[in-house]
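I opened my notebook to look up how this chain is put together. Here is what I was looking at, followed by my entries.

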Amino acid sequence: VGYVVATAAQLPGREWVTIVLMCSQKSLPVCVSVLSALPASLRQGSGVMIVPCIMAHAAQLIIDSILAVRWEQPEPPQVSKEQLLPK
């Protein structure tokens, strides 16, 4: 979803990377919400079931940090006032 929205909005490079990566960071809260909504009989083992959720989230953070470095956008050049003023 973040990729589609950021691309459709034609965001500049750094903002595009930020939106795409941050939209993917909601997996752990969603997983915990699903586990808390389980019936009482299944919820008894939810302490153990949360471990794969945390491991998947940690893996996602590592992959996202690799993507952030790979997609890094160069900083636009800074223009000084002297370069803008005519001589």
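Entry 1: contacts. I count a contact when heavy atoms lie within 4.5 Å. Among contacts in the chain between residues at least 6 apart in sequence, I found that 52% join residues at least 24 apart.

Entry 2: what I am working with. This is a predicted model, in which local features need pLDDT of at least 70 and side-chain atom pairs count only at pLDDT 80 or more, while totals for chains, interfaces and linings use all residues. Residues are numbered from 1 along each chain as its sequence is written, and side-chain values use heavy atoms, with hydrogens and water left out.

Entry 3: the elements. How many helices and strands does the chain have? I listed six helices and zero strands (DSSP runs numbered from the N terminus, H or I of at least four residues for helices, E of at least two for strands). Read from the N terminus, the order is α-α-α-α-α-α.

Entry 4: burial. Of the 87 residues in the chain, 15% are buried (under 20% relative accessible area; exposed is over 50% and partly exposed is in between, with a 1.4 Å probe and protein chains only).

Entry 5: the core. I looked up the largest nonpolar core and found five residues: Ala-6, Trp-16, Val-17, Val-20 and Leu-21. Helix 2 (residues 13-23) gives the largest share of this core, four residues. Such a core is a set of buried Ala, Val, Leu, Ile, Met, Phe, Trp, Tyr and Cys residues joined through side-chain atoms within 4.5 Å.

Entry 6: a helix pair. How do helix 3 and helix 5 pack? Helix 3 (residues 27-36) and helix 5 (residues 46-70) meet at an angle of about 165°, and their axes are 9 Å apart (axes are lines fitted to C-alpha atoms over the stretch in contact, with angles from 0 to 180 degrees between N-to-C directions). I therefore noted the two helices as roughly antiparallel, a label for angles over 145 degrees. On the helix 3 side, the contact includes Leu-28, Cys-31 and Val-32; on the helix 5 side, Met-49, Ile-50 and His-57 are among the residues.

Entry 7: two residues of helix 5. I picked His-57 and Asp-64, both in helix 5. Is His-57 buried or exposed? His-57 counts as buried because its relative accessibility is 14%. Leaving out residues up to four places away in sequence, His-57 touches Gln-25, Ser-27 and Leu-28. Asp-64 has 9% relative accessibility, so Asp-64 counts as buried too. With that sequence limit again, Asp-64 touches Leu-21, Ser-24 and Gln-25.

Definitions and conventions:
Parallel < 35°, antiparallel > 145°, perpendicular 65-115°, else oblique.
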